[in-house]
Each structure stands twice: as structure tokens, then as C-alpha cells.
Amino acid sequence: MKRPGLIRWNFFGYLLFAVLALAAYTFLGLDGHVKSLMAQKLSALNGAEVTIEKAIFRLNGPRIELEKLVFKDPLRPERIQFEIEKIQMDLEWPALLRNRLVVKDSTATSVHLNAIQPPLSVVGDGQTLVGSQTVHSLAFASDFLSNPSRTQLPPDDAWSVVPSVQAKNGVTSEISAAVEGWKKQLDSLVDENKQQTEAIKGTENQTAEKDAEAHVKIIIGQLEKSRLELEQLETQVKADGNILLNKIQTLAELLPHDVTVIRQNVKLPSLEFKTIAAELGAEQARPAIGLVDDFYFRLLPWLEKKEQPLRPSYGRNQGTEFYFSGRLLPPRLWIKKLEISSKESPDGETGDVSGHIADLSSEPDQVAAHLSLQANFKKAEVANVQLEAQIDHREGRVDDRLQLNIASYPVRDLDFVKTPSLRMGIEQATASLNLEFLVQKDSGIINLSSVLDKVIYRVETNSEPLKKIFDEALAPLTSLQMDANAQGRLPNMHWTYSSPLSERLRTVLQQVLSQEYAEFGARIRDRAYQRVVEAKQTLETNLVMESDGIQQKIASEKEALKELTSNYVKAQPKM
Amino acid sequence: MAIKPRYSSRSSFFQIFLALLWGSWLGFSPTWLSLQVLILLVALIFLRLPWIWMMTSFVVSWAMGAFLLDPLMDQVGKLLLRQPALDHFWTEMAKAPVLPWLHFNNSMVLGAFLLGVLTIPFWAYVAWNLRRRAPVN
């Protein structure tokens with residue numbers, strides 16, 4: 001049988017099938033493909049899922065029309081951040097043939113913004129220009145004040161390390177050593193005397209008559225020597241006793257040190273509240289700085305990235321896409337013109353928005369971008385938003401600017417302290433904002449000014465005294481001004497905050513805590529004094545008892561020697 | 001010694017070889033949304049290739065890629081795309097119309113293509129062996 005050849009000459013049937021398949025894909029599958037591709041790219045930019053209800057790709061133009069774009073909140077993926085009803089983009093064929101997206105002209109219409117919610121304390125993957133607070137002095141002070149046992153004196157264990165106790169232990173050891181020494185010396189002298197007495201008795205009858213006188217003299221001399229030794233020991237006991245008594249008296253001098261040590265061991269909030277302005281200011285600034293974070297950490301890297309790892313799909317690694325740039329090569333993405341327009345609907349669902357984006361590209365070193373947006377969102381209670389931005393990296397420089405002014409927007413559930421014992425913050429307020437962000441090379445400046453009016457505070461705690469403290473402190477502050485300034489190398493900028501709220505809370509907490517500390521200090525002093533007096537009494541009693549005991553023994557021994565000596569003196573032959 | 005025939009095939013060595021190679025290229029490729037895959041599929045209209053060998057090679061290559069070779073292909077692709085010496089070459093490729101749709105800038109696509117090229121001798125050997133074991137009916 002003849003082998004069939006490699007070339008299929010009667011390919012018309014297959015070709016027809018392929019053409020029909022291609023046509024079917026173009027009419028039925030291409031839109032879906034464009035939809036998933038755009039959703040994938042926009043999700044990468046947004047940092048959370050972006051869904052598109054419908055996408056239409058028109059070869060005439062070419063043009064892409066996207067309908068009902070829903071942007072989820074990157075921090076709360078279950079929540080919708082905003083929606084755009086329709087986006088229409090006119091593309092350029094030469095760029096499209098090179099797998100690049102150059103948008104000649106585009107429009108976005110009907111923008112919905114959902115109610116503004118405060119961002120979480122950590123933005124996205126932890127990247128934020130607002131420095132994270134490692135010291136929470138306000139929370140610590142609140143926890144301290146809400147603790148009913150906050151000024152209880154520490155247990156006895158805590159006193160074991162105070163200087164007077166250590167000194168007492170030292171003096172006790174010295175007394176024991178001295179008493180031990182005295183006893184040893186006394187015992188030794190007593191033994192010596194006993195042996196001497198025995199020896200004298202043994203030699204009494206052996207001595208010849210002619211030597212008796214000399215013998216008695218020697219015995220009397222020996223007994224006198226023993227007596228003198230006992231007197232020396234008695235003197236030493238008294239002298240050492242006096243030294244030790246003086247040492248016991250010095251324990252009282254350690255009293256202030258005892259108080260210091262005890263206060264150091266009890267963890268008390270610092271009265272300086274150095275970081276309170278930053279703690280409160282950072283929380284107030286965070287919602288506005290979230291926009292700067294998005295601009296700096298999300299938009300710029302997304303635009304300028306040269307590599308994009310793709311998610312695995314159908315069990316296969318999809319690899320990493322590399323983006324090359326060069327002269328005569330259009331940017332990977334270049335929105336030459338985007339007009340955003342949206343008319344406010346009667347129910348307020350749709351915002352009144354007009355905006356303009358020019359030359360937003362993935363190569364800001366080639367094309368400088370300008371963004372401008374004016375918006376009102378009645379339902380979200382956001383009025384007069386004005387956003388101006390510029391991205392310019394041409395000729396090796398970096399000149400990025402972002403300016404945001406909002407005449408009015410709602411602030412809800414802004415917590416300054418959220419611990420098991422206290423939730424304190426702003427329940428609701430109306431705020432206005434002026435924000436300026438400038439980047440030159442790798443350094444940046446942020447100026448932020450915010451005014452909060454009609455402020456309703458939230459103070460939730462089980463501690464009545466604490467609630468009273470905060471209620472009284474916050475009641476006069478119905479309007480708050482907060483200014484924040486950051487300068488330095490990005491992203492670790494140096495922040496300074498000023499706000500009457502932080503000043504007010506600092507003053508009130510300092511007053512309350514000072515009073516608490518004064519009372520607590522007095523109680524510690526009393527207790528320390530009591531303990532030192534007790535220690536002194538114990539040591540003195542112990543020393544006197546031991547010393548008296550030794551001295552009595554010495555006295556009785558001396559008496560015995562005296563008696564023995566007088567016996568020998570009487571027995572001495574008359575000259 | 002005569003080789004015992006185990007199956008019969010009317011396809012030539014070249015047809016079997018191309019079928020195996022085509023199948024492996026399609027199997028190694030992580031995505032079918034690229035131009036070279038389209039070219040391979042369109043070429044099938046004009047070329048008469050034994051489907052059984054193409055499907056076998058495709059399934060084997062796909063499984064090898066999914067369970068074993070994907071990391072290797074990815075690393076090879078990244079290595080080539082990150083080479084400073086090749087940067088100019090890739091940029092010129094990107095400038096040309098249509099060529100960027102080959103997705104050569106994807107590390108997996110490039111790695112899979114390179115692996116496909118490197119397996120040519122292997123598939124040639126397999127095709128030769130299959131041809132000599134399969135008498136023409």
C-alpha cells in the first residue's frame with residue numbers, strides 16, 4: 001500500500017474548519033479572553049480582585065469596551081471599594097501588534113464610590129510611609145489606669161532585691177561571723193585556762209619546798225596573763241559590737257534607694273508621653289496617607305516593573321513575563337488620554353466626577369504623566385475632591401507630585417486605642433484635608449493638614465474612673481486640627497505631628513498619673529521605712545543578745561580566774 | 001536478527017518525528033495563547049501527521065512539564081531573559097511587529113521552546129526506532 005505523503009494537498013476541508021474555528025473564537029471567545037486578561041492586569045494593579053461584567057473587543061479601531069468594573073478593597077477583599085460603569089479605550093494597532101497597550105483616547109463614565117472606611121493599621125503587605133508605632137504609651141497608660149490593683153504594694157518577693165535588704169543580709173553575715181569568732185576565741189581561752197588549772201594542780205605536790213614561792217609566782221603570773229587575754233577579748237567584743245551597731249544604723253540611709261528600686265520594678269507608665277502625638281497623629285493621618293501609599297508603593301512599581309511573575313494555571317507554572325524597553329518601542333502601557341466623567345444620579349449612588357489623565361505610561365522616564373481629578377460623591381458624603389498628580393522621571397530625575405484637597409468627608413470608627421480594657425477614638429466626625437506629597441530623587445516631603453469637626457468620641461471601658469478621665473478630657477474638643485509633616489529618604493521618613501488632642505490627653509494623663517504616683521510613692525516609702533525599722537530591731541536584738549552572752553561568759557571566766565589567783569596569793573609564803 | 005513487528009504504521013520516519021516533536025512542543029508549552037502554538041496548530045492543516053504519536057508525545061510532555069520540568073524550564077528562561085548580553089537581542093525582537101506575540105518574554109515559553117529544541121535528537125531516535133519496528137501494511 002502506498003504511504004500517504006507528509007503534505008496534505010486536500011487540506012481545504014481542514015482549512016475551512018480552521019477558518020470557522022478562528023471566526024468562532026473571534027466572535028465568541030475573544031471578548032472573554034480580553035475580559036480575563038484585563039481583569040488579571042487590573043487586579044495586579046489594584047492588589048485585590050477586579051471583576052469585569054462584560055468586555056467587547058472591536059477590530060475596528062481597535063477598541064476595547066469594558067462594562068461594570070468592580071474594584072475590591074485590597075485591605076478588606078470582601079468589600080467593594082468603587083465601581084466604574086463603563087470604560088472605552090481606543091488603541092493603536094502598531095503597539096497592539098507588538099503586544100503593547102497604547103491607549104490613544106479613552107473615557108470612563110459613571111463612577112460609584114462606596115462609603116469611606118478607615119484603613120487597617122497595616123496597609124497591604126505592610127508597606128506604608130506612616131511609621132509604625134512601637135511604643136503605645138496611651139494604651140499602656142489606659143491599661144494601667146483601668147487596672148484596679150495598679151497601686152497595690154508589690155509582694156514580699158519584690159522587696160528581696162532592695163539595697164537595705166541586701167545590706168541587712170550582709171550585716172547579718174558579719175554578725176554571725178563576728179559572734180562565731182568571739183565564741184571560738186573564748187572557747188580557746190577557756191580550754192587553755194582549764195588545761196592550765198589542771199597542770200597547776202598536777203604540779204602542786206611535786207614542787208620542792210624551796211621552789212614553792214617561785215612556783216606560786218609563776219602560777220599567779222600565768223593566771224594574770226589569762227585574765228588579761230579575757231579582758232582583751234571583752235574589749236574586742238565591745239568594739240566589734242559597736243562597729244556592727246553603726247552598720248545597722250546605716251540601713252536607714254538606704255531607704256530612698258529602696259523606694260527607687262521598688263518603683264523601678266513596678267512597671268509604671270512614663271509621665272513624659274513623648275510619642276503620644278505620633279501615636280494619635282499616625283492613626284489620623286493613615287487614611288489620607290493610604291492614598292500616597294497606593295501612589296508610591298503600588299502605582300509606581302506597577303508601572304515601572306520589568307518582571308511580572310504569573311500565577312500558576314491548570315497545574316502548570318505560567319512563568320515570569322519580562323518587559324523590555326528601548327527607543328522606538330512603545331511602553332508596555334501608555335494611556336495617552338483618559339477622560340473620566342460621571343454625573344451625579346438623584347439617589348446619589350453615582351458620583352459627580354470629572355477627571356483627566358494624560359500620558360500615564362509604564363515608562364515615566366520617557367513620558368511624563370499628569371493626572372487631574374475633581375469629584376463629589378453625595379452618597380459617600382465626600383465633597384469637592386481635587387486631586388492633582390505628576391509622574392516625571394525624564395532625564396534621570398525623579399519629580400513626582402501628588403496633591404489632594406477634600407473639602408468634606410466622613411470619618412467613622414477611627415480608633416486611637418483598642419485594647420481589652422479600652423476602646424477610645426472618634427466614633428464619627430466630618431473632616432477636611434489638604435495633602436501634599438513631593439518626591440525628588442529618593443527623598444520626599446509630605447505635608448498634611450486635617451480639620452475634624454462635629455467630633456463624637458468613643459470611650460468604651462469597664463473602668464468608670466478611666467471613662468470619666470477620658471470623657472472629661474475630650475469633651476471640650478469638638479473640633480480638632482492635626483498637622484503632620486514628613487521629610488527624608490523614602491520610604492523611612494521622619495514624621496512630626498502636632499495636634500491639640502495629643503496635648504490635651506498628655507496634660508490630663510500627666511495630672512492623673514502624677515497624683516497616682518505621689519500616693520503610690522508615699523505608700524512605698526512607708527512600707528520601706530517599716531521594713532528597715534523591723535530589720536534594724538532584729539539585727540540589734542540579735543547582736544546585743546549574742547554580745548551580752550559572750551561578755552557574761554567572759555565575766556564568769558574572769559571571776560573564776562580571779563578567785564583562783566586570790567587563793568594562790570593567800571597561799572603565797574610570807575616574805 | 002529480524003525485528004519482530006509490534007504494530008503497523010503507514011507514516012514515514014519524518015511524519016512520526018514531526019508528530020512527536022510537535023506534540024512535545026505543545027505539551028511543554030505552559031499556555032496555548034501564544035503565536036507559536038497557533039502556528040503549530042495551523043500547520044497541522046497542511047501536514048499529515050500521525051495523531052496517535054502526537055497525542056502520546058503531548059501527554060507525556062505535558063505530564064513531564066507539570067510534575068518535573070516546569071521549574072527547570074522557568075529557570076532556563078529567566079537565565080536567558082536576564083542575560084545583559086542578550087538584552088539588545090530581546091529588545092529588537094520586541095520592536096518587531098507580531099514577534100512579541102510569540103511570548104518569548106515569558107520565561108516558561110522560552111524555556112519550553114529551548115527544551116523542545118534540545119529534545120529533537122531524542123525524538124528523532126524514537127521516530128527511527130518506531131519506524132523500523134512498524135512494517136507498512
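How many helices and how many strands does chain B have? I counted six helices and zero strands, taking helices (H or I, at least four residues) and strands (E, at least two) as DSSP runs numbered from the N terminus. From the N terminus on, the order is α-α-α-α-α-α.

**Ground rules.** I am working on a predicted model, where local features need pLDDT of at least 70, side-chain atom pairs count only at pLDDT 80 or more, and totals for chains, interfaces and linings use all residues. Residues are numbered from 1 along each chain as its sequence is written, chains are lettered from A, and ligands are numbered from 1 in the order in which they are written.

**Chain B overall.** I looked up burial next. Of the 137 residues of chain B, 38% count as buried. Buried stands for 20 or more other C-beta atoms within 10 Å of the residue's own, exposed for 12 or fewer, partly exposed for in between, with C-beta atoms placed from the backbone. Then I took contacts, meaning C-beta atoms, placed from the backbone, within 7 Å. Among chain B contacts between residues at least 6 apart in sequence, 87% join residues at least 24 apart.

**Helix pair in B.** I checked α3(B) (residues 51–81) against α5(B) (residues 107–118). Their axes are 7 Å apart and the packing angle is about 105 degrees. Axes here are lines fitted to C-alpha atoms, for helices over the stretch in contact, and angles run from 0 to 180 degrees between N-to-C directions. The two helices are therefore roughly perpendicular, the class for 65 to 115 degrees; under 35 is roughly parallel, over 145 roughly antiparallel, the rest oblique. Contact residues include B:Leu69 and B:Met73 of α3(B), and B:Met108 and B:Leu115 of α5(B). By class, the contact has 10 nonpolar, three polar and two charged residues. Nonpolar covers Ala, Val, Leu, Ile, Met, Phe, Trp, Tyr, Cys and Pro; charged covers Asp, Glu, Lys and Arg; polar covers the others, Gly among them.

**Helix α6(B).** I found 14 residues in this helix, 120–133. It reaches 20 Å from first C-alpha to last, close to the 20 Å expected at 1.5 Å a residue, the expected span being 1.5 Å times one less than the number of residues. Its buried residues are B:Trp123, B:Ala127 and B:Leu130. They cover an arc of only 65 degrees, so they sit on the same side of α6(B). The arc is that of the directions from the helix axis to the C-beta atoms. The face turned away carries exposed B:Pro121, B:Phe122, B:Tyr125 and B:Arg132. The cover over the buried residues includes α1 (13–28) of chain B.

**Interface.** I find 34 residues of chain B in contact with 27 of chain A. On the chain B side, α3(B) gives the most, with eight residues. That side has 18 nonpolar, 10 polar and six charged residues.

B:His103 has phi near 60 degrees, a positive value in a residue other than glycine. I place B:His103 in the loop between α4 and α5 of chain B. B:His103 is buried, with 22 other C-beta atoms within 10 Å. In chain A, the peptide bond from A:Gly61 to A:Pro62 is cis, with omega near -10 degrees. A:Pro62 lies in the loop between β1 (50–58) and β2 (63–72) of chain A.

How values were computed. Two residues are in contact if their C-beta atoms, placed from the backbone, lie within 7 Å.
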